[in-house]
Amino acid sequence: MIIKICGMQHAEDIEAAAQMGVHLLGFNFIPNNPRFVRMISSQAGIIPDYAEKHLRKTNKSSDASTSHAKTSRVGVFADDMPQNIVTRIYNYALDYVQLNGNEPAVTLENLRRTIDPDIHKGIKIIKRIAISSPADFDKAAEYEGKADLLLFDVADVSSLANEMQHQSADGGGNSPLNTLFSVYTGTTPFLISMPVAPFPASCISSINHPLFAGINLDTQFEQEPGKKDMTAMASYLDGFNNIR
């Protein structure tokens, strides 16, 4: 199961996450977000202020140990200009692009053609879809064959699952998460996320959808924007050892 952590800013958190075996580390490039990773100017041109030290930490962790898979880097954007995305892919050696805005499918197609293979061969694209009602899963159809992963960001799992169970004659007895994600009938693998609280490990284990790929953690376990409580996160992730 894929474990993805977003909003990373601190080298020690990145190092700790890589040692935990986290698969995807997300760096926020949405300007108005408090976790925004800035770029600073220098005599050599425009360079990322986090890139050199932070990515060296990530690469060192990934190369020095065979106890976990390589940690890949995800750039998170929202309705951004293609040239900004391309610049950050190059400067931050991003492996994935995550689009959190209102980008249509054609944007994903054009972006992939621009990046692959000249900027980054085999770049992966994640499209976030906000889920506030079961009908929102229908939005995923647009991105079939365009996104490599979907991220379903669910506003309120329990209320949506209860709503679905009441509408279904045989809905009782299913776990809330399994009930909710059973609505998805697409062919693209998906990650799941909630805005604030993390999903309980016991609920994650109940999901039997064949395309369920993993979880996304964003503001959970934050001590302040961009700074994670890695001890609490490690304890939480320990609960997934039996279901990865």
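Predicted model: local features only at pLDDT ≥ 70, side-chain atom pairs only at ≥ 80, totals over all residues.

Reader: Which residue of strand 10 is the bridge partner of Lys 4?

Author: Lys 4 belongs to strand 1. Strand 1 pairs with strand 10, and there the bridge partner of Lys 4 is Asn 216.

Reader: Over how many bridges do strand 1 and strand 2 pair?

Author: Strand 2 comprises residues 24–28 and pairs with strand 1 in the parallel sense. In strand 2, Leu 24 is the bridge partner of Lys 4. The number of bridges over which the two strands pair is two.

Reader: In what order do the strands close into a barrel?

Author: Sheet strands pair through backbone hydrogen bonds, in either a parallel or an antiparallel way. Here eight strands close into a barrel with parallel pairing, and their order is 1-2-5-6-7-8-9-10. Neighbouring strands of this sheet are turned against each other, direction ignored, by an average of 25°.

Reader: Which residue in strand 9 is the bridge partner of Leu 150?

Author: Strand 8 covers residues 149–154 and strand 9 covers residues 190–193; they run parallel and are joined by four bridges. In strand 9, the bridge partner of Leu 150 is Phe 190.

Reader: At about what angle does helix 8 run to strand 10?

Author: Helix 8, residues 230–238, lies across strand 1 and strand 10. Strand 10 spans residues 212–217, and the angle of helix 8 to strand 10 is about 160°.

Reader: How far from Lys 4 is the nearest side chain of opposite charge?

Author: Lys 4 is buried and has no salt bridge. A salt bridge requires a distance within 4 Å. The nearest side chain of opposite charge is that of Asp 218, at 7.0 Å.

Reader: Which side chain does Lys 4 join in a polar contact of 2.5 Å?

Author: Apart from residues up to four places away in sequence, Lys 4 touches several residues, including Val 74, Ile 126, Leu 191 and Gln 98. The polar contact of 2.5 Å joins the side chain of Lys 4 to that of Gln 98.

Reader: Why does Ile 204 count as buried?

Author: Ile 204 is found in helix 7, residues 201–204. Its C-alpha atom is separated by 8.6 Å from that of Ile 215, 11 residues apart along the chain. Buried means under 20% relative accessible area. Ile 204 counts as buried because its relative accessibility is 2%.

Conventions:
Residues numbered from 1 in each chain as written. Heavy atoms only, no water. Pairing = 2+ DSSP bridges. Axes fitted to C-alpha atoms, helices over the stretch in contact; angles between N-to-C directions. Contact = heavy atoms within 4.5 Å. Buried < 20%, exposed > 50% of the residue type's maximum accessible area, 1.4 Å probe, protein only. Lys, Arg positive; Asp, Glu negative; His and termini not counted. Polar contact = N/O pair within 3.5 Å; in protein donor to acceptor, adjacent residues only side chain to side chain.
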